[in-house]
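Student: I would like to learn how to read strands, sheets, domains and a ligand shell from a model. Can we go through them one at a time?

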Amino acid sequence: MRITIFGSGYVGLVTGTCLADVGHDVVCVDVDADKIARLNRGEIPIYEPGLDAMIAENRDAGRLRFTTDAEEAVRFGKLQFIAVGTPSDEDGSADLKYVLKVAETIAQYMGEYKVVIDKSTVPVGTADKVRDTLRRTLEARGADIDFDVCSNPEFLKEGAAIEDFSKGARIIVGTDSEAVRKAMRECYAPYNRNHEKLMFMDVRSAELTKYAANAMLATKISFMNEIANLAERLGADIEHVRHGIGSDPRIGYHFIYPGCGYGGSCFPKDVKALAQTATNIGYDAQLLGAVESVNLRQKTRLFEKLNQAFDGDLKGKTIALWGLAFKPNTDDMREAPSRELMEALWDSGARVQAFDPEAAGECRRIYGERDDLVLVDRRDDTLEGADALVICTEWKIFRAIDFDNLRQTLRTPVVVDGRNLFDPEIVKDAGLLYYAIGRGESL
Ligand code: UGA
């Protein structure tokens, strides 16, 4: 099939590349000429394991192209995916200006029937707005051309996007059109071989499914963080509690890891946007508000622990920080707990010596050069002259530690672990004070 993808960001690139990889002919179009030029030179703007090789292979085979020429791109594909960004508005709702601009562009150039597909995470009711925009623009052109709009939300995780695309649990399509059902069946047939993954439903249910999935996952995390904070105060160990409750299949082991708060470009934004949707229709979504506020509070916990460990005096202290990305296997620092922590440390006059296997460049881009931030290339270089160690991301390289050496290197024996990576007994035996989430030393 001939497929056009608007937006060469995370979702667009992964979608386009994976569809090309199974044999479709794909054109990715973006307004950012620099990004397209880089992609055409083989430079990939995001870090995603396996994506660069897959792009190269499909580009060389002629199945995947990158362009800024929207007119040519609209004419190319029968399927027109909209995968552009939906940044948060001031009130937390998703800003649809880029999505609707693409709808306008499609209507401006289309010469025959197209299926327009909302792939970006967009609020319930967006497909109607996209349809209206297409209709108005076609009318203004005096063109009488048929089209359909459907919703096909993505469920990719950063760091595992290719796997999620090809082996995802479900493919959701919201539509009331038989022509769309047929087209989407054909598009996803290569991924729908062993058992039926396609789920057709009405458009609004598909749009809400995406938000409900992310809000449910965020709720699990905030719930566990709440229980972890209770465990700390009650002298319990959250890791035992996690095992204890996860063994009930109705609860399950997945996604119940307590930590220093969820980050990334999805959960914080989507929980806020769904809460704002509720407000807009006059419904008081109490649980969604609580999920967000528990998370905001959780992101301050690492600083609080450090601050208490140093009796409120962090001025002039040097803190070794492991992990800047919001989770492992990505260089993404959007809404990362490390940012909240570093900014609070700087405000208290502390210096940060940080290491992250992938996100140092991103950190430099965000914060620039500053005296109170040193980014080093090796994990243990952060420890030189450091007063304490704090862990924000559970990269694999942080798991096996020589605690005796750590004890000898740190100026004071303080380890604050935002990801519960270690056995508290082992850390304590090495003479370190171990402050983790819902376990370890109580403050
Ligand atoms: C998330 C969803 O997992 C995807 O299904 C969804 O498609 C995507 O958002 C999206 O809407 O595009 P992602 O943001 O890449 O994917 O990252 P996750 O792996 O879900 O992690 C999100 C955050 O939750 C991270 O900060 C992570 O550290 C935290 N987390 C996750 C916990 O604190 N505890 C857990 O048990 C799991």
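Student: Which residue stands opposite serine 151 in S6?

Tutor: In this predicted model, aspartate 118 is the residue opposite serine 151 of S6. The two belong to a parallel pairing of strand S5 (residues 114–118) with S6, made over five bridges.

Student: How do I read the side-chain directions along a strand?

Tutor: In a regular strand, side chains alternate between the two faces of the sheet. In S6, Phe147, Val149 and Ser151 point one way, while Asp148 and Cys150 point the other way.

Student: Are the residues of S6 buried or exposed?

Tutor: All of them are buried. A residue counts as buried if 20 or more other C-beta atoms lie within 10 Å of its own.

Student: In what order do the strands of the open sheet run?

Tutor: The order is S11-S10-S9-S12-S13-S14, six strands with parallel pairing. Strand S11 (373–375) and strand S14 (433–435) are the edges, each pairing on one side only. On average, neighbouring strands are turned by 20° against each other, direction ignored.

Student: Which strands does helix H14 lie across?

Tutor: Helix H14 (residues 337–347) lies across S9, S10 and strand S12 (388–391), and it runs at about 175° to S9.

Student: How is the protein divided into domains?

Tutor: There are domain 1 (2–201), domain 2 (211–297) and domain 3 (299–435). The centres of domain 2 and domain 3, taken over C-alpha atoms, are separated by 24 Å.

Student: And how do I read the contact between two domains?

Tutor: The size of an interface is often given as the accessible area lost when the parts come together. Here the description is by residue contacts: twelve residues of domain 2 are in contact with 15 residues of domain 3. Helix H12 (residues 286–298) supplies the largest share of the domain 2 side, three residues. That side divides into four nonpolar, six polar and two charged residues.

Student: Which residues come nearest to the ligand?

Tutor: Of the 20 residues around the ligand, these are Glu158, Tyr257, Tyr262, Gly264 and Cys266. The shell divides into eleven nonpolar, five polar and four charged residues. Helix H9 (residues 203–234) gives the most to the shell, with three residues. Domain 1 (2–201) and domain 2 (211–297) each contribute at least three residues.

Technical notes
Residues numbered from 1 in each chain as written. Predicted model: local features only at pLDDT ≥ 70, side-chain atom pairs only at ≥ 80, totals over all residues. Near = placed C-beta within 6 Å. Helix = DSSP H or I, 4+ residues; strand = E, 2+ residues; numbered from the N terminus. Nonpolar A, V, L, I, M, F, W, Y, C, P; charged D, E, K, R; others polar. Domains from an automatic or database assignment. Pairing = 2+ DSSP bridges. Axes fitted to C-alpha atoms, helices over the stretch in contact; angles between N-to-C directions. Contact = placed C-beta atoms within 7 Å. Buried ≥ 20, exposed ≤ 12 C-beta atoms within 10 Å, placed from the backbone.
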